[in-house]
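Have a look at the structure first, then read on.

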Amino acid sequence: MMKIDVAKKIQKLSSSIFQEIVDRKLAAIHNGLDVIDLSVGSPDFQPPEFVVETLSEYAKDPSKYGYTLRGIPEFYEAVSYFYKQRYNVDLDPSKEILQLMGSQDGLAHLAMAIINPGDYVLVPDPGYPIYEASVTIAGGQVYPMRLLEENNFLPKLDEIPLEVLQKTKMMIISYPGNPVTALANREFFEEVVEFAKLHNILVVHDFAYSELIFDHNPQISFLSVPGAKEVGIEFNSLSKTFNMAGCRIAYVSGNEQAVAALASFKSHIDYGIFYPIQAAAVKALTSDFSFFKSQVSEYERRRDALIAGLEKSGWHVAKSPATMFVWAKIPAGFSSRRFAFELIDRAGVAVVPGDAFGKLGEGYVRIALVQPPERLSEAAERIQSYLMEAVITK
Ligand SMILES: Cc1ncc(COP(=O)(O)O)c(C=O)c1O
């Protein structure tokens with residue numbers, strides 16, 4: 001049979017760890033183990049009822065089945081309203097916003113719209129995998145910015161060599177992010193704006209978890225910092241905010257040139273989102289936001305149940321200030337992979353080894369808060385038994 005050679009840039013993409021987790025999970029289930037799956041970041045919560053009602057109502061209208069291209073005007077108005085209400089940011093719906101089929105769509109395609117072969121892009125290490133993958137696909141060079149606990153997981157911008165900065169066209173940051181759940185303060189964002197102006201770098205802020213911020217921590221949009229729109233754009237999504245991950249609807253906003261570049265690129269590859277999904281998103285973005293309060297407290301309960309349970313085994317894990325994850329530094333003596341793989345095989349708990357997100361993820365695992373508190377407590381108990389056994393057999 002003819003052999004199909006996969007493109008070299010695709011061969012360079014690493015997805016093996018995620019696949020290995022899936023395979024191990026399935027093997028454990030096949031062997032009769034009850035697996036508590038905390039490996040996938042897909043919300044188990046439901047969207048608000050009015051979202052489901054709006055979507056089904058419009059789905060019954062046969063006139064709403066055509067292409068929608070760049071999206072309906074009401075969606076753009078709704079994003080502008082949402083940004084003003086939630087983050088005190090003014091956005092011009094006609095040129096500072098672009099609808100996306102998930103922020104993954106935008107993040108994956110942005111580098112293709114902006115980066116030339118050889119251009120550098122600064123990406124966080126650890127970071128959400130599409131940041132690096134998108135640059136690789138576009139033929140750019142990744143420069144990892146080190147996110148260390150001792151620096152509150154903020155990159156030290158003065159560590160980046162000048163030779164790199166001279167070739168850098170874009171930088172990606174995410175606060176709060178995935179897998180690192182840390183928040184940035186306003187001073188850091190101000191420093192980024194100055195840095196970007198000085199070195200002529202487009203700043204990309206991924207704000208996918210903007211509404212999952214705990215303990216009354218401040219909710220800071222990068223675009224709310226003076227000068228941010230001159231240098232940057234911000235991705236946001238309805239996936240986690242309104243539990244609409246499968247609807248594939250999100251948006252990017254900010255710098256109009258960058259928005260236009262991505263819009264132009266996307267006009268060649270897709271024809272817009274199903275109208276009823278857009279109508280449901282409009283309803284969500286213009287609702288009274290009371291939905292967020294209960295959602296945030298439920299995630300806080302989950303986080304607290306997990307961390308209190310782990311504490312009993314002597315494993316002290318830092319409390320996430322935001323997102324739907326816990327970024328847990330693993331006990332000494334384990335590698336991330338050994339820890340994660342043995343947790344599946346011996347404890348029936350699936351988490352992701354930290355090195356799936358970059359070199360500096362080694363020594364951590366990512367635990368997704370996608371099960372009710374009781375199930376997370378049970379996971380913690382199983383982890384406790386595993387840790388005791390591991391210590392005995394060491
Ligand atoms: C940090 C971050 N950015 C972007 C995304 C993509 O989200 P979506 O494409 O559903 O908007 C995710 C999904 O998990 C994420 O964790």
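## A pair out in the open

Keep in mind that this is a predicted model. Let's begin with Lys3, which counts as exposed at 66% relative accessibility. Its partner is Asp5: the two side chains meet in a salt bridge, with 3.1 Å from N to O. Is Asp5 buried or exposed? Asp5 has a relative accessibility of 62%, so it counts as exposed, the cut-off being over 50%.

How many salt bridges does the model have in total? The count comes to 26.

## Glu378 and its two arginines

Now move along to helix 14, which covers residues 373-393. Glu378 sits here and makes a salt bridge with Arg375, at 3.2 Å from N to O. Both residues belong to this helix and are 3 residues apart, or about one turn. Glu378 also meets the side chain of Arg382 in a salt bridge, this time at 2.9 Å. Arg382 lies in helix 14 too, 4 residues from Glu378, again about one turn of the helix.

Why does that spacing work? An α-helix has 3.6 residues a turn, so residues three or four places apart point the same way.

## How much of the trio shows

What about exposure? Glu378 is partly exposed, with a relative accessible area of 30%, and Arg375 also counts as partly exposed, at 22%. Arg382 has a relative accessible area of 17%, so it falls under the 20% cut-off and counts as buried.

## A look at helix 13

Finally, turn to helix 13, made up of the 12 residues 336-347. From its first C-alpha to its last it reaches 15 Å, close to the 16 Å expected at 1.5 Å a residue.

Quite a list of its residues is buried: Ser336, Phe339, Ala340, Phe341, Glu342, Leu343, Ile344 and Ala347. Just after the helix comes Gly348, which takes a positive phi of about 65°.

Definitions and conventions:
Residues numbered from 1 in each chain as written. Predicted model: local features only at pLDDT ≥ 70, side-chain atom pairs only at ≥ 80, totals over all residues. Heavy atoms only, no water. Expected span 1.5 Å × (residues − 1). Buried < 20%, exposed > 50% of the residue type's maximum accessible area, 1.4 Å probe, protein only. Salt bridge = Lys/Arg side-chain N within 4 Å of Asp/Glu carboxyl O.
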